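Hello,

Here is the structure you asked for. Please open it alongside this message, and my notes follow below.

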There are 2 protein chains.
Amino acid sequence: MTKPDGRKDLMRLHRKAKALSRLPATRRDAERAVAAVLSGGSIWSSIRLSQVPLRYLTTFWNLMIEEGLLKARGDGLELTQEGKHWVTSCNIDRPADFNCRRCDRTGLDSRRGRLSTVREMFIQIASQRPAAIRKYDQGYVTEETTLARLAFAWEKGDLTGKDVIVLGDDDLVSVALALSGVCRRIVALDIDQRLIGFINRTVRSYGLTNLEAMVQDLRDPMPPSLVSQFDTFFCDPTESFLGFQVFVGRGLACLKGEGSAGYFGLTRVESSLRKWQRIQRFLLSRGAVITDIRDRFHQYANWGYVEEMRSWDWLPVKVLPEEIWYESALYRVELLRKPRVANEKVSGDIFTDEEAATT
Amino acid sequence: MTKPDGRKDLMRLHRKAKALSRLPATRRDAERAVAAVLSGGSIWSSIRLSQVPLRYLTTFWNLMIEEGLLKARGDGLELTQEGKHWVTSCNIDRPADFNCRRCDRTGLDSRRGRLSTVREMFIQIASQRPAAIRKYDQGYVTEETTLARLAFAWEKGDLTGKDVIVLGDDDLVSVALALSGVCRRIVALDIDQRLIGFINRTVRSYGLTNLEAMVQDLRDPMPPSLVSQFDTFFCDPTESFLGFQVFVGRGLACLKGEGSAGYFGLTRVESSLRKWQRIQRFLLSRGAVITDIRDRFHQYANWGYVEEMRSWDWLPVKVLPEEIWYESALYRVELLRKPRVANEKVSGDIFTDEEAATT
């Protein structure tokens, strides 16, 4: 658990570094500045890993040195004894690295490192899950995709020591997160009682103590106990613009504020680039910045209701798919301030718009 | 060369499919719909490759079938004889595939396929290039990065049969493009006479007939002969907001309009996420949608003026970098309409703002 003192110090140092450097850095940049020195290596390696504006970064590090938390050693920086205690109390770990070794680090290899142990267990659990049903517009990503998403968020520092919420979880992200053992708290919401039952049984069988799963219709307002409580959200919104606003809006409402992050998928199959543009405007207007768009990152296992989809009639060749065909991009956003989102009941069709194909 | 007839037909089919499906698709979606059937495979494989809203896609394909250009065959679609001639006259090729086979296709492997032959030649040519100089804020990406960027754009369909402009080319993107042999026309601009001389000598030595390189200061208005003439631009802007606006604004001004694409890099080292947000607003307001943000895609070779950078003084440990440390994200944008950008002379410091570190 986070001790209050470490975090308070972190915020104090952040405010000082922000004032001195006069850069619009966030508290999250302070975390990244600390995490980057934990990997060892030269100062240039720490600069590379940090992903923080250099002017703020060096100001922050110089303050840590002044306060006896950090010192120069050889060509790099290392924590003092006091610094080590402090970092533990801040619950900050060194950046994870799942870069693929084959393709010049442009890809993520979820077979590497600490994910290799999560992998086997997760695939076994997922093999028992309930089937996707049309009623809730379900369709889950492959186990490899859930693991790659986990690797991605882990590298970004959005998991270690963090409170994480999953809004709609037929992908079983919450289970994979719990198996990784690095999050502080995990909450999974879904409208589907079958799924929540399955996750809760998994929690008991595997002793995943920091994961709670509960039934929630995202059209209803979020329970106040979940609002502004999380560092990170995951969701896979229905793709009508209304559905998107509801799912991602609820996700944003659950975030603590500046520096919190959100993940979601968005297809090209059911969303034109004009809808993408509208969605991007929505995100920016709510105080978020888009940090990543990884095209075709998510691959969906085929579901059983293909012949019932509205698009079945449109197909010039009517055969059932035997391979993966439905993909979506992975978006990551980060908040630069408290999000402006209403927490009201939404009525109306969140599943279908004129671009919908799988409903 | 593109024959006018094929393109005209493509536009006619596009307008018809757009009206029938009532989706805000672009002419580029029509190209993608055609390219997707060229890879063979099942209809689901073509749907996956297309990256086009399914409602428009199936409408477009059904129109092609009606006009005798396309027919069902087994579980997929194939061109008729007439369709094959037509596609050749449209200058559309099947989507390239450089997906990494190791990491569940999350990465790009520029050692694969047609890039393997480009690779060797490009690395040899690049070894002779002029050194990066501080005067122009130069600093080029590694050869592997230039090749990965090429692979990325090739997969997106932004190169084959396209007119491409490179605004500032110390990365030698234009040379890699010319070696690939798939673009229709390539123009490289740079302020640095040394670089333009080098590219032009390479053009002569290697017989790269479709590449022209010329000196241009991007603070000056673009020559009218280059405005609205290109399908794709590449640039690596200086990161002051003014510099960014100038570089990317000139790129947008060179594009033909709807469906044209632009590529550029943006760092975290010299740009806060607040600046990222401002840049994203700028892009959307100019009629673009952001289709991709690949974090840490670009890796820069170390340059010779590290001790002269303004950030040298800030470093708590002053050693020269021995490994790669400067990275940037790859952005891709696509236009949904003619861009709104002024083509005026810009004065003022395009190199430095309060977040700058390497100037």
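Glu308(A) counts as partly exposed, at 46% relative accessibility. A caution before going on: this is a predicted model. Glu308(A) forms a salt bridge with Arg134(A), and the closest N and O atoms are 3.8 Å apart. The pair links distant parts of the chain, 174 residues apart. Arg134(A) sits in the loop between helix H6 (115–126) and helix H7 (143–155) of chain A. Glu308(A) sits in the loop between S8 and S9 of chain A. Arg134(A) is partly exposed too, with a relative accessible area of 38%.

Other salt bridges

How many salt bridges does a search of the whole structure find over all chains? The total is 68. Two from chain B are worth a look.

Take Arg101(B) and Asp97(B). Their closest N and O atoms are 3.4 Å apart, and they form a salt bridge. Arg101(B) is exposed, with a relative accessible area of 54%. The cut-off for exposed is over 50%. Asp97(B) has a relative accessible area of 35%, so it falls in the partly exposed class.

Now go to Arg332(B) and Asp158(B). This salt bridge has its closest N and O atoms 2.7 Å apart. Arg332(B) lies in strand S9 (residues 327–335) of chain B. Asp158(B) lies in the loop between helix H7 (143–156) and strand S3 (163–167) of chain B. The pair therefore ties together parts that are 174 residues apart in sequence.

In chain A, salt bridges that share partners build one network. Its members are Arg7(A), Arg28(A), Asp29(A), Glu31(A), Arg32(A), Asp158(A), Lys162(A), Arg332(A) and Glu334(A).

How the two chains relate

Chain A can be laid on chain B by a turn of 180° and a shift of 0.0 Å along the axis, with an RMSD of 0.0 Å. That is the relation of a two-fold axis. Which residue of chain A comes closest to the rotation axis? Gly107(A) does, with its C-alpha at 1.7 Å.

The interface

Chain A gives 83 residues to the contact, and chain B gives 83 residues. Of the interface residues of chain A, 100% are also interface residues in chain B, so the copies meet through the same surface. The area buried between the chains is about 7,700 Å². Carbon and sulfur atoms give 58% of that area.

Between chain A and chain B there are six salt bridges. One of the salt bridges in the model pairs Arg48(A) with Glu327(B), whose closest N and O atoms are 3.4 Å apart.

Which elements give two or more residues to the side of chain A that touches chain B? The helices are H3 (43–50), H4 (54–66) and H11 (273–285). The strands are S2 (76–79), S8 (288–299) and S9 (327–335). S8(A) gives the largest share, 11 residues. By type, this side of chain A divides into 40 nonpolar, 18 polar and 25 charged residues.

Helix H3

Start with Ser45(A), which is in helix H3 of chain A. Ser45(A) counts as buried, because its relative accessibility is 10% and the buried class is under 20%. Leaving out residues up to four places away in sequence, Ser45(A) touches Gly40(A) and Glu323(B).

Then look at helix H3 (residues 43–50) of chain B. Eight of its eight residues are buried, so the helix is largely enclosed by the rest of the structure. The buried residues of H3(B) are Ile43(B), Trp44(B), Ser45(B), Ser46(B), Ile47(B), Arg48(B), Leu49(B) and Ser50(B).

What covers the buried residues of H3(B)? The cover includes S8 and S9 of chain A. From chain B it includes helix H2 (27–37), helix H4 (54–66) and strand S2 (76–79). After H3(B) comes Gln51(B), whose phi is positive, near 60°.

Best wishes

How values were computed. Residues numbered from 1 in each chain as written. Chains lettered and ligands numbered in written order. Predicted model: local features only at pLDDT ≥ 70, side-chain atom pairs only at ≥ 80, totals over all residues. Heavy atoms only, no water. Least-squares fit on C-alpha atoms with pLDDT ≥ 70 in both. Contact = heavy atoms within 4.5 Å. Buried area = accessible area lost by both parts, 1.4 Å probe. Salt bridge = Lys/Arg side-chain N within 4 Å of Asp/Glu carboxyl O. Helix = DSSP H or I, 4+ residues; strand = E, 2+ residues; numbered from the N terminus. Nonpolar A, V, L, I, M, F, W, Y, C, P; charged D, E, K, R; others polar. Buried < 20%, exposed > 50% of the residue type's maximum accessible area, 1.4 Å probe, protein only.
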